[in-house]
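Welcome to this guided tour. Please open the model in your viewer and keep the selection panel at hand; each stop tells you what to pick next and what is there.

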Amino acid sequence: MEKLKCNAANCLYNYNTICSADEIKVQGGGTTSGDATFCGTFSTRGLGNYVSSITNMNYGGAAKQLLSNDRMEPHVLCDAVNCTYNSDQICNANGIEILNDVASAAEQTECQTFYPR
């Protein structure tokens, strides 16, 4: 997978615009447009959320991706069934980009990679 880009600055997984989660969950159900998708893994920065999310962190992989051509290989789950990249609830896109730099909740983010079938 190409680089994972995320501009949700308030998300604790955002490491210099790279998602540092080991597992990412894109949600959208039966939507047919990208603006109804969102990153269900989004979690606001804060000590409580950091502690509860620590098992899903991959800061080493994110730093390695930032500094070299090595790529993180997170498991990307997707329930946006009408996205062309959804293959049995797994995203098979070459890259993922999550938008909304001022998001304070998962539903305020958007999977920019969504492409309708």
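**The whole chain**

Start with a cartoon of the protein chain: its secondary structure comes to two helices and 10 strands. Helices (H or I, at least four residues) and strands (E, at least two) are DSSP runs, numbered from the N terminus. Follow the chain from the N terminus and the elements run β-β-β-β-β-α-α-β-β-β-β-β. The radius of gyration is 13 Å, close to the 13 Å that the globule rule gives for 117 residues, so the chain is as compact as a globular protein of that length. Here the radius is taken over C-alpha atoms, and the rule is 2.2 Å times the number of residues to the power 0.38.

A word on what you are looking at: this is a predicted model, in which local features need pLDDT of at least 70 and side-chain atom pairs count only at pLDDT 80 or more, while totals for chains, interfaces and linings use all residues. Residues are numbered from 1 along each chain as its sequence is written, and side-chain values use heavy atoms, with hydrogens and water left out.

Turn the model along its principal axes, and the C-alpha atoms fill a box of roughly 35 × 30 × 20 Å. Colour by accessibility next: buried residues make up 38% of the 117 residues. Buried means under 20% relative accessible area, exposed over 50%, and partly exposed in between (1.4 Å probe, protein chains only). Among contacts (heavy atoms within 4.5 Å) between residues at least 6 apart in sequence, 65% join residues at least 24 apart.

Select residues 23-27 and 75-78. These are strands β4 and β6, which run parallel and are joined by four bridges; two strands pair if DSSP finds at least two bridges between them. Show I24 and its bridge partner in β6, V76. In a regular strand the side chains alternate between the two faces of the sheet. On β6, V76 and C78 make up the covered face, and H75 and L77 the uncovered one.

Now show the largest nonpolar core, which has 26 residues; Y13, I24 and I96 have the most contacts inside it. Such a core is a set of buried Ala, Val, Leu, Ile, Met, Phe, Trp, Tyr and Cys residues joined through side-chain atoms within 4.5 Å. The elements that give two or more residues to this core are β1 (4-6), β4, β5 (38-39), β6 and β9 (96-99).

Pick T41, in the loop between β5 and α1 (47-53). T41 is buried, with a relative accessible area of 12%. Beyond residues up to four places away in sequence, T41 touches Y13, A21, E23, I24, K25 and N56. A polar atom of its side chain lies 2.6 Å from the backbone nitrogen of K25.

Move to N14 in strand β2 (residues 14-15). N14 counts as buried at 8% relative accessibility. Leaving aside neighbours within four places in sequence, N14 is in contact with C6, N7, A8, A9 and R45.

**T109**

Go on to T109, in the loop between β9 and β10. Is T109 buried or exposed? T109 is buried, with a relative accessible area of 2%. Its side chain has a polar atom 2.9 Å from the backbone nitrogen of C39 and one 2.6 Å from the backbone oxygen of A106. Draw a distance from T109 to A36: their C-alpha atoms are separated by 9.1 Å, and the two are 73 residues apart along the chain.

**Two positive phi angles**

Select Q89, in the loop between β7 (86-87) and β8 (90-91). Its phi is near 70°, a positive value in a residue other than glycine. Q89 counts as partly exposed at 40% relative accessibility.

N100, in the loop between β9 and β10 (110-111), has a positive phi of about 110° although it is not a glycine. N100 is partly exposed, with a relative accessible area of 24%.

**Last stop: the cysteines**

How many disulfides does the structure hold? It holds zero disulfides, a disulfide being a pair of cysteine sulfur atoms within 2.5 Å. For C91, the nearest cysteine sulfur is that of C78, 5.9 Å away. C91 counts as buried at 16% relative accessibility. For C111, the nearest is that of C83, 6.5 Å away. C111 is also buried, with a relative accessible area of 7%.

Terms used:
Polar contact = N/O pair within 3.5 Å; in protein donor to acceptor, adjacent residues only side chain to side chain.
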